[in-house]
Amino acid sequence: MFLKNSSVKQKLMAIVLITCGVVLLVTCSAFFTYELRTYKQNAIEHISTVAQLIANNSTASLAFENEDDARAVLKSLKAEPHILEAVLFNKDGKLFVYYPENLSTNTFPEPPFRLGYEFVQSDLIHFQPVIEQDKKLGTLYLRSDMGAMNERLKLYSLIVLCVMVGTFVLAYFLSKVLQGQITRPLLALTDTARAVSERSDYSVRAAGTGNDELGVLTLAFNNMLEQIHSRDIALQEAQQKLQGHASELERRVSERTAKLSETVAELEAFSYSISHDMRAPLRAMQGYSSYVIENFGDKIGPEGMHFLNRISRAGGRLDNLVQDILTYSRVSKEHFELHPVDLDILVGDIVQQYPGFQSPEAQITVQTGLGVVLGHEASLTQVISNLLGNAIKFVKSGMKPKISIFSEVHGTEIWTKIEDEGIGIAAKDLHRIFRIFERVHPESTYEGTGIGLSIVRKAMERMGGVVEVESELGKGCIFTIKLKRA
Amino acid sequence: MEILRSLFLKSMRRRGAVRLMLGAWVAGGLAFWGTKSHAQNGVSREYQLKAVFLLNFARFTEWPSSAFENPHAPLVIATLGKNPFNDALEDVVRGETVNGRPIAVAHYSSLESIEKAHILFICESESGQIEKLINAFSGKPILAVSDLENFAVRGGMVRFITKNNKIGLRVNLGTLKASQLTMSSKLLRSAELVGTLD
């Protein structure tokens with residue numbers, strides 16, 4: 001619709017004006033048509049009456065061929081200024097007399113005459129038989145000017161135009177004044193809605209009006225705002241409460257974390273000092289038991305020697321344990337910075353330095369181009385030698401360990417994999433192996449302290465990397481260490 | 001538009017002229033036929049017209065009902081004396097009726113021989129006894145008409161006056177009133193009136 005984007009005010013006014021205009025037009029057209037019809041009808045009736053009168057008065061004149069009398073009768077038409085021509089014909093259709101006298105006889109109609117009225121151009125003509133006692137004595141012809149009708153129609157048109165213009169102007173001003181009844185509350189509503197949506201201010205209220213639909217709408221709108229407002233307040237309160245809770249929670253967490261790390265630090269310091277302090281007595285025990293075996297072995301006898309050897313071996317195991325614990329705490333606590341480490345060099349050195357990693361003890365295949373990673377050299381050495389040590393250790397007795405080392409590049413990371421063909425790890429145990437002091441096998445089968453993989457995990461964490469394992473029981477395992485590319 | 005209209009009007013006028021000529025020719029033919037019939041009944045146009053006028057009197061005049069034997073009795077137009085109409089009167093009334101009455105024509109040679117007459121034309125032959133005739137018809141419902149000099153002035157009812165080749169009427173109101181006849185005012189208006197009503 002053409003009014004689609006105009007304001008309600010304009011729409012209302014347009015509706016009023018269009019309705020007004022159409023109604024007026026229809027009314028005026030009807031009035032006009034009626035007037036035209038009536039006027040024509042009146043003109044026809046009038047000319048017919050006049051014709052009858054004249055004809056009736058002309059009978060004797062025609063019957064006795066008295067032209068003067070007929071002329072006098074026609075002259076009475078002077079009182080009818082709209083009659084332009086009047087002609088009497090005798091019963092043979094011959095011209096008898098005519099009125100007014102200055103007419104040109106050339107234009108007179110000729111028989112046969114069509115009785116009755118007829119509109120010819122702007123005139124009305126009429127033929128009336130002149131009858132006396134059922135005897136037709138002649139015919140009367142009248143021509144009447146319809147100019148008066150045209151004049152009158154022109155006047156009517158002017159009046160209609162004036163009325164329409166006047167009514168239109170009146171309707172315009174009236175609607176302009178009265179439309180406020182509808183638009184004012186609407187505009188108030190719109191303003192309120194705009195204030196709400198622009199400023200998110202739910203405390204504003206639309207000005208209320210009467211009890212009509214708009215009043216109800218305004219009331220409903222205000223109620224809605226009321227509800228939203230109260231909900232908004234409740235929400236804000238809830239948020240504040242929640243925030244309070246959150247900060248309280250945060251505070252508590254940080255408190256506990258602080259306490260916890262303090263405890264952990266204490267614990268670590270404690271274990272470190274114990275481990276460290278244990279080494280001196282341990283050395284003494286090992287040293288003196290070796291001394292007794294060497295120097296007094298023959299005096300003690302074989303049975304005493306057996307127990308002394310057991311003491312010495314147990315001391316050795318305890319020393320390993322203490323060393324591992326110290327390594328773990330060092331890895332955990334030591335501050336270090338990351339540097340690029342060439343894995344090719346690092347792995348090559350490790351394999352060469354440990355006799356256990358070389359043929360024929362083990363078969364280790366190292367792929368070249370392992371890559372350069374960001375790491376801490378000493379820790380990384382610890383990680384790789386631990387993993388290699390495990391790979392060699394956990395094989396079926398009598399089997400020769402086979403190990404391959406290779407790298408894959410994944411985005412910004414290098415994944416270095418150590419794959420063996422050992423006994424593998426059962427799926428149920430996979431989650432345990434990186435925990436400290438966890439052992440999958442009893443010490444009697446595969447000796448060890450249960451700390452090696454914990455050290456690996458801790459070191460990898462400290463270097464910002466990850467260690468993962470994939471394995472199946474009896475099918476070997478693949479350890480993957482993931483570090484940032486240098 | 002204007003040119004078209006003027007052309008149309010011209011053509012109309014020309015056509016009108018043709019029609020006028022045609023009309024004139026037809027009228028001429030009729031006139032010829034008229035003179036022929038005139039020759040047949042051997043009467044002048046004057047009496048032809050007077051015959052029509054006599055019939056027309058019947059249409060503009062009312063007779064008392066006592067003048068007729070019954071509602072269907074014919075209205076009688078009669079002549080007294082030497083008939084100047086030949087058959088013109090008979091020709092004119094043929095097939096005509098007035099107020100549902102047929103019209104009869106009678107010719108009487110003398111006053112005494114008159115049996116029935118509603119309209120009576122007194123011929124020139126009777127000029128000698130005008131006074132007698134006037135007295136005879138006075139107060140009777142007979143519309144007496146004559147060409148005779150001073151007929152109306154002397155108490156006759158209607159006289160035909162020929163003037164300028166036209167026939168006029170002269171009516172004596174006193175005689176008319178006494179006769180119990182009612183003549184239409186329209187007829188009276190086109191007539192010259194003499195006499196008084198009292």
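I looked at F113(A) and F127(A): the ring centres are 5.1 Å apart and the planes are at 20°, so I logged the pair as stacked. The pair links distant parts of the chain, 14 residues apart. F113(A) sits in the loop between β2 (95-99) and β3 (116-120) of chain A, and F127(A) in strand β4 (residues 123-132) of chain A. Helices (H or I, at least four residues) and strands (E, at least two) are DSSP runs, numbered from the N terminus.

Ground rules for these entries: this is a predicted model, where local features need pLDDT of at least 70 and side-chain atom pairs count only at pLDDT 80 or more, while totals for chains, interfaces and linings use all residues. Residues are numbered from 1 along each chain as its sequence is written, chains are lettered from A and ligands numbered from 1 in the order written, and side-chain values use heavy atoms, with hydrogens and water left out.

I checked peptide bonds next. Y99(A) and P100(A) are joined by a cis peptide bond, omega about -10°. P100(A) is in the loop between β2 and β3 of chain A. Another cis bond joins P111(A) and P112(A), with omega about 5°. P112(A) also lies in the loop between β2 and β3 of chain A.

In chain B I noted N99(B), a residue other than glycine with a positive phi, near 55°. N99(B) is in the loop between β3 (97-98) and β4 (101-108) of chain B.

**Interface of chains B and A**

I counted contacts (heavy atoms within 4.5 Å). 20 residues of chain B touch 18 residues of chain A. The buried area is about 1,800 Å², with 49% from carbon and sulfur atoms. That area is the accessible area (1.4 Å probe) that two parts lose on being put together, summed over both. On the chain B side, R59(B), K186(B) and R189(B) lose the most area to chain A, together 31% of what that side buries.

I found five salt bridges between the chains (a side-chain nitrogen of Lys or Arg within 4 Å of a carboxyl oxygen of Asp or Glu). One of them is K166(B) with E67(A), closest N and O atoms 3.3 Å apart. Which elements give two or more residues to the chain B side? I listed α1 (2-41), α2 (45-60), β8 (166-172) and α6 (185-189) of chain B. The largest share, seven residues, comes from α2(B).

**Helix packing in chain A**

I took helix α3 (residues 147-178) of chain A and helix α4 (residues 180-199) of chain A: they pack at about 35°, axes 6 Å apart. Axes are lines fitted to C-alpha atoms, for helices over the stretch in contact, and angles run from 0 to 180 degrees between N-to-C directions. K176(A), V177(A) and L178(A) of α3(A) meet G180(A), Q181(A) and I182(A) of α4(A).

Note on methods. Rings of Phe, Tyr and Trp (its six-membered ring) pair if their centres lie within 6.5 Å; planes under 30 degrees apart count as stacked, over 60 as edge-to-face and the rest as tilted.
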